[in-house]
Amino acid sequence: MRILVVSPTPSHPQDAGNRARIHAVLSDLKAAGHSITLCLLDREKVAPEHHDSMRDTWDELILVPHDRALEKPSLGTRFGLDDWVQPALEEELAALAVRRPGFDMVLVEYVFLSRAFTFFPPPNLRAAAPVLKLLDTHDQFGGRDKRLRELGLTPSFYFTTEAEEARGFGRADVVLAIQDEERAAFEAYSPKPVLTLGHIPAGDRQPLPLRAPDGRFVIGYLGSSNPMNTRALDRFLAALDLPALAAAGAEIRIAGSAAKHLELAPGLALIGPVQDPDELYAAVDLVVNPHEGGTGLKIKTVEALSRGRPVAGTAEAFAGLEPEAAWHAAADAAALAGLVQRAALEPALRPTIAEASAALWRRYATRVASAQRQLASPAMLRLAMDRPRTLLATDLRFWEERLGNHARIASLARAARTEMDLDLFFIGTMSPAEQTKAKALLGGRSRLFPTDALPPTPDARLPPALTPFERRSTIAAVLPLFAQHLAANPPHAVVLEYIRLSYLRHAIHQPVLKVLDTHDIMSLRARNFAHFGRRHFIEISVQEELQILSGFDQLLAIQQDEFNWLEALLPGRVMLAPHVVQPVPRAAGQLEGPVRIGFLGGDSPMNRDGLVWLLDQVWPAIAPLGAELHVAGAVCAAVPPGRPGVVLHGAVPRPEDFLATLHIGVNPVFYGGGLKIKTVEYLSHGLPSVLTAEALYGISGGAGQAYALAEDRAGFVAALATLVLDPAARARMGDAALAFGRRHFAPAALAPAMRNLAGLARGIPRPAAKASA
């Protein structure tokens, strides 16, 4: 391909993260055999020798004059989309657009230069293959000023509104995010598909050998003096006990201009600027990155990992790298200081950090290599642009994300929108505010179709093939509306949420992929409830449920045990689509006061019975240890009055905020079936927990490390007492819980199922929509 690259940032020298990113992307394309014309705004005024390096490296360099004094915001205090585009660039782009032979791809660096795409005609105006238009975003600029001000920093560089950013995205064919968390943010409002292209430093530099042991533990930090770096570094150093580190034989070395405002102190060495980052990396045992706030990928984290250094940092420092270990997910700079203090005082932890860092780098490098191959292949890019459209049908207001089934559908939508364009058929009315929230979950390319008021329809119109359960569940008026919608807006696939809506399959008359998201095996769950004398809200036999499930092309199982059961009975029709949650870094070690044990649950029979058992059988042995039991959610109504040390919170608007106040989680349910969402949330929040076997239904592999499995009352009391009395045990289990939760329930765990579903949907021919009367 002949590729035109339009950039405000040079590729040489690679002395800043954005320059290293551009150099790496273009180097990969060049290595794949493509020619590179770099149209560079002379905005950063690099030295002539660096212009020569760019001319030597790429096939052509075009230098365009640019006056930074003309970069004035046109939207009050914010920049308009094209405020940095000046006449000299427009003239050059107009000439390049008519050059023959023409360009096969236009790659624009940063959304504020997206006007470059408008000089190249859309596909329907060209006889030959259309020009591929790719936008490499680097960062999220919509609302960037607000995020910086929340950190106490003055906004600089470019910032705009999400609406303007989305308008820039609409000019491209494909939008490239530098990491997955940013991709998820873009997908909420981007009118074009978003792909992730991470960053691997260009060149063949090999990992550095480990520093020779000399009895010291040397910790390194490298950063420039920008306000975000210095703020985070100062907060990190302030939270450290430097004299204790020095007494333990540890030392922190600060390199780069970030050190210029600091003063020497015991345990603190100031290196200042270094010509090559390897000067620092070769001399340290651990690299730290206490970054707080901001967006984008933290190039310094990637650089250190690529050189084989063990790295510890905040969750922000590892954003987009899919970290698992607690060492890569500290809540903030102060929490990272606590982890580093532990590593300095406990040498046995250091190999664990090194192994986790090496494993993280291997996983990340594999993902980036795959994305690089996709970027270099026009066929693969066009496949990514040709997304199947999938219809999600539900009667649950999942955008509220208050209940477990809400969270399930919301997480499924977020994962599905990375591979498919989503429509929503909602049985009910939606206010404008609800539509805004739903669309943000379903993505900027989604469409919403609420049913609003339903006309009455006689039962005689029900399809004869309905099973008895479906006949009881059917809303007759919905069937013709659903059929009409499918005829007018034919999708590639239909996903029904819950077996309660399985009756809608009888209104599907087109060749579409029919999918049921099961949430639970309802017949088994009803049996489980009945065994304990409780009635489940859905009553159905195993035979009838299997009859219904066999009417679908694919079934989504929420956990491994249910997948195994379904796959044995309906082989080849089941995908494991685990429930996932966004990992939340915890700083539990900094909580003060009594040890806080927590239980979060709705007003279900299994939650009420489990909580009463805990209060009667376990709490009398734990309360004298000085702990508190904090209960949140509607299950609070089941707590008898007068229980010492029990604090009731009632409904909480944000469960994650409640979980962040706890030291320990408990889930004492002993029946119910299905995946226990609160257990997943405990693990994903890095909360050490004591759990029953029922609370772990469908979850295995972490007992004794990531969580405590209590087989009976004595085991529950013993495990809970240990965690209450031993802060070190809590810290170890919290670290393991976070890693376990991120490995099994982070958003990436749902991605394979959504890729497979999109692949199956692509194989379904979609009929043309009927013309409206």
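Let me start with helix α14. Its buried residues are Asn 405, His 406, Ala 407, Arg 408, Ile 409, Ala 410, Ser 411, Leu 412, Ala 413, Ala 415 and Ala 416. Buried here means under 20% relative accessible area, exposed means over 50%, and partly exposed is in between, with a 1.4 Å probe and protein chains only. That makes 11 of 13 residues buried, so α14 is mostly covered. The helix runs over residues 404–416. At 1.5 Å a residue it should span 18 Å, and its end C-alpha atoms are 18 Å apart, which agrees. The expected span is 1.5 Å times one less than the number of residues.

A word on the source. This is a predicted model, where local features need pLDDT of at least 70, side-chain atom pairs count only at pLDDT 80 or more, and totals for chains, interfaces and linings use all residues. Residues are numbered from 1 along each chain as its sequence is written, and side-chain values use heavy atoms, with hydrogens and water left out.

Now the whole chain. It has 26 helices and 25 strands. These are DSSP runs, numbered from the N terminus: helices are H or I with at least four residues, strands are E with at least two. The radius of gyration is 28 Å, close to the 28 Å from the globule rule for 773 residues, so the chain is as compact as a globular protein of that length. That radius is taken over C-alpha atoms, and the rule is 2.2 Å times the number of residues to the power 0.38. Along the principal axes, the C-alpha atoms fill a box of roughly 80 × 80 × 50 Å. Of the 773 residues, 56% are buried. Take the contacts with a separation of 6 or more: 69% of them are between residues 24 or more positions apart. Contact means heavy atoms within 4.5 Å.

Next, a sheet. In what order do its 5 strands run? The order is β10-β9-β8-β11-β12, in an open sheet with parallel pairing. Two strands pair if DSSP finds at least two bridges between them. At the edges are β10 (268–272) and β12 (311–313), each pairing on one side only. Neighbouring strands are turned by 25 degrees against each other on average, direction ignored. Axes are lines fitted to C-alpha atoms, for helices over the stretch in contact, and angles run from 0 to 180 degrees between N-to-C directions.

Look at β8, residues 217–222. Here 6 of the 6 residues are buried, so the strand is largely enclosed by the rest of the structure. Phe 217, Ile 219 and Tyr 221 point one way; Val 218, Gly 220 and Leu 222 point the other. β8 pairs with β9 (250–255) over 6 parallel bridges. Tyr 221 stands opposite Ile 254 there. To β11 (286–289), also parallel, there are 2 bridges. Gly 220 has Val 287 as its bridge partner in that strand. Then β11 pairs with β12 over 3 parallel bridges, and Val 288 partners Ala 312. Helix α10 (299–306) lies across β8, β11 and β12, at about 155 degrees to β12.

Thr 230 is buried, with a relative accessible area of 15%. Neighbours within four places in sequence aside, Thr 230 contacts Ser 225, Ala 258 and His 261.

On to α21, residues 605–622. Its 18 residues should span 26 Å at 1.5 Å a residue; the end C-alpha atoms are 24 Å apart, which agrees. Where is the kink in α21 centred? On Leu 615, at about 40 degrees. The bend at a residue is the angle between axes fitted to the seven residues ending there and the seven starting there. Leu 615 is among the buried residues of α21, which also include Met 606, Trp 619 and Ile 622.

Last, some backbone details. A cis peptide bond joins His 12 and Pro 13, with omega about -5 degrees. Pro 13 lies in the loop between β1 (2–7) and α1 (17–31). Another cis bond joins Arg 100 and Pro 101, with omega about 0 degrees. Pro 101 sits in the loop between α3 (87–97) and β4.

His 138 is not a glycine, yet has a positive phi of about 70 degrees. His 138 is buried at 8% relative accessible area. Tyr 498, also not a glycine, has a positive phi of about 85 degrees. Tyr 498 is in the loop between β16 (493–497) and β17 (513–517).
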